[in-house]
Amino acid sequence: MFKFAKPTDLPDWKEERPDFNSDEVTSFIFNPHRSQSIENQRKRLPIFENRDQFLYLLETHQFLILIGETGSGKSTQVPQYLLESGWGCDGKTIVVTQPRRVAVLSLASRVADEMGTSLGQTVGYSIRFDEQISNKTRLKFVTDGVLLREMLTDPLLKKYCVIMVDEVHERSLNTDILLSLLKKIAKKRPELRLIISSATLDAEELKNYFTWKTKSANDENGSTEVQQYKKGEAAIMNVIGRCYPVDIFYVQDPVPDYVKASVDTVIKISIHEPPGDVLVFLTGHEEVETTVRLLKEYANTVAESSRKDKLQVLAMHGGLSNEDQLQVFQRPPSGRRKIIVATNIAEASITIPGIVYVIDCGFVKLKWFNADTQTDALVVVPISQASAQQRAGRAGRMRPGKAYRLFTEDYFYTLNRFTPPEVQRSNLSSAVLQLKALGVDDIIHFDFPSPPPAQHLAVALELLFALKAIDSSGRLTDPTGLRIAEFPVEPIMAKMLISSNDFKCSAEIASIVAAMQVQALFYYPTRGQDSIKARIARRKFEACEGDLITYLNVVTAFTKHGDCPRWCQSNYINKKALKRVLVLRSQLIKLLQRLGIPYSSAEGEIEPILRCIASSFFTNTAYLHPCGEYKTVLADVVLHVHPHSILYAEEKAPWVVFGEVLQTTQLFMRDITIVDPLWLEELAPHYFQKVTER
DNA sequence: GAGCACTGC
């Protein structure tokens, strides 16, 4: 049994204040001041006191770094201050980027509300597959991915006068790439203003990144209008947030098993602490299910008694259906305390109201690119201090809260301050291609905010060269490279779409590529009768050639039966995912047609489709070694068939290609297709001569 | 033989 130490008063912690209304990133907004006029609410926000300072700094500096904690109101108010003071009146637009679609939607509608207009008028938004924009729009909310795409047609983003990049502390891949490109643009467009907005971040580091001009300003064009203006210089502005204090508790001794410790802590809270919901952070879906099961067993024993500590236990992770996810937002039955056991989805992506207690296991599952094996690994690593702070903050949004950390205080101070940015732990082939398409030739010396390991860049360049997207001097090829860059999918998938023209099967390949973009077409129940039934249901779609042809069968069947509600259910098909597949598919087909690749179908023939797959996935080939294991052709790394693959229980074919490799307990190949090695030699001779010499 | 954190174009 473990004990929690006395609450520790962390200085960096007490400053965290939750928001009262408008800076919420999900559509579930709790607003205790609903009765007040909008004008009054806006004035109550902490950032209101900084309004004039903000406008002055933006007048005099090209870059403004805005450090504002949750609840400062920066995401909703700053864009309005800009409009009110005349930015966006010269026919140009203000744009605000967010890492997530849901944040774009809720911010845009909140700001339109506050301004008394409807969406698509002065205030609009643009996300993939959805947009509300008109020629009246002066303020636009977008995902950072959308803004990156816009740069392909408008490299200097000339239609914008102010660009605000929000949630920079999350350091998503797109945010980092956007920042570096915006820095370049700003040099060419001195009148452009950039606002970099972040919760916690090393502001000085960011300031140094953005300050490229050390000399005094106005030495180039001495126009009086810009005399006060320091182009290329960055100012930092801090905005206080607002939030209730959260007491932090640490365990006195390290816990051997954080799943068990989580369960014990929930039980302790339920017995000893006043009412208030509990949020538990664990690393994966399996841990979540185990914890939920243990807590439900406990809850059942309690429910039969007349005690007060009755619980409603709910799981929250990305694999759940929409309906199951929505449950965590509903009020628990009266007299019950709601316990939500979640993965990292609850750290930033969704906000659950009513949380007073947080339990933090101290770990997170992260995708990590391994350049040696050229594969992704999904590894459980200790969280950063910033993450721990973010998780604890989830307890102080309604009233003072408590956070229980399942690690010691000493250990906390050994953690990294920040999680390494995504750009440093990702496969960069897509990002590199995108940069090339935007005219960045020298990737190795490109000015990233946090440079990725050189080997990651080298691996990306090698793959692009193998796909003939770039030539031996590293330049984007015309038309192959240019075309691949146009597609909103991984380069290898884009290459397959383009090649489908040669094999006259673009219809089928579009279905396959679309299906590979979504998480899971099937539900995989983990226990009981359901898991067996699901397995039997999957067999209906099984193709002996492998997973990709199976996906094609699923997509084809869904277009026929998908509208029947029982059909998806009885076949354990993820309806949400399949609907998205069809939307993606039609986007891909439209893009193909725009590039002059006509719609064509193999009319039931399988071989052209298989050849097309082989012609693009040849870099991902594995052969059956006499030892009985698969090995990569590239580096002789041992690979295993993922248990979700349709080929898992089958006799092993001598040659396969795979969509990706993910390392969990072992290196697992996913999205596997059986191929004929002669095709590989024929279709990718530049790559495969040496292979058959084995 | 045994298993997928979370986003985004």
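A polar contact is a pair of N or O atoms within 3.5 Å. The structure is a predicted model, in which chain A has a mean pLDDT of 88. The points below cover the surface near the DNA, a pair of helices, the backbone geometry and the confidence of the prediction.

**Surface near DNA strand B**

- DNA strand B is surrounded by 31 residues, and the closest are Gly318, Lys365, His644, Thr665 and Arg670.
- Of the atoms of DNA strand B that come within 4 Å of the protein, sugar and phosphate account for 57%.
- A polar backbone atom of His285 is 3.1 Å from a phosphate oxygen of DNA strand B.
- Pro488 meets a base instead: one of its backbone N or O atoms lies 2.8 Å from a base nitrogen of DNA strand B.
- Helix H6 (144-153), strand E14 (363-370) and strand E21 (667-674) are the elements that give two or more residues to this surface.
- H6 provides the largest share, with 3 residues.
- Sorted by class, the surface near DNA strand B has 11 nonpolar, 12 polar and 8 charged residues.

**Helices H14 and H15**

- Helix H14 (residues 429-437) and helix H15 (residues 454-466) have axes that come within 8 Å and cross at roughly 75 degrees.
- Angles of 65 to 115 degrees count as roughly perpendicular, and H14 and H15 are therefore roughly perpendicular to each other.
- On the H14 side, the contact is formed by Ser429, Val432, Leu433 and Lys436, which meet Leu457, Ala460, Leu461, Leu463 and Leu464 in H15.
- This contact comprises 7 nonpolar, 1 polar and 1 charged residues.

**Backbone geometry**

- Most residues other than glycine have a negative phi, and most peptide bonds are trans.
- The peptide bond from Asp478 to Pro479 is cis, with omega near 10 degrees.
- Pro479 is placed in the loop between H15 and helix H16 (480-486).
- Gln374 is not a glycine, yet its phi is positive, at about 55 degrees.
- The loop between E14 and strand E15 (375-382) holds Gln374.

**Confidence of the prediction**

- In chain A, 91% of the residues reach a pLDDT of 70 or more.
- Over residues 6-31 the pLDDT stays under 50, and the model has 94 contacts beyond four places in sequence for this stretch.
- Residues 214-227 also have a pLDDT below 50, with 12 contacts in the model beyond near neighbours in sequence.

Notes
Residues are numbered from 1 along each chain as its sequence is written. Chains are lettered from A and ligands numbered from 1 in the order in which they are written. This is a predicted model: local features need pLDDT of at least 70, side-chain atom pairs count only at pLDDT 80 or more; totals for chains, interfaces and linings use all residues. Side-chain values use heavy atoms; hydrogens and water are left out. Axes are lines fitted to C-alpha atoms, for helices over the stretch in contact, and angles run from 0 to 180 degrees between N-to-C directions. Helices (H or I, at least four residues) and strands (E, at least two) are DSSP runs, numbered from the N terminus. Angles under 35 degrees count as roughly parallel, over 145 as roughly antiparallel, 65 to 115 as roughly perpendicular and the rest as oblique. Contact means heavy atoms within 4.5 Å. Ala, Val, Leu, Ile, Met, Phe, Trp, Tyr, Cys and Pro count as nonpolar, Asp, Glu, Lys and Arg as charged, and the others, Gly among them, as polar. A residue is near a molecule or strand if one of its heavy atoms lies within 4 Å of it. A polar contact is a pair of N or O atoms within 3.5 Å; within protein, one must be able to donate a hydrogen and the other to accept it, and residues adjacent in sequence count only if both atoms are side-chain atoms. pLDDT is the predictor's confidence in each residue, from 0 to 100.
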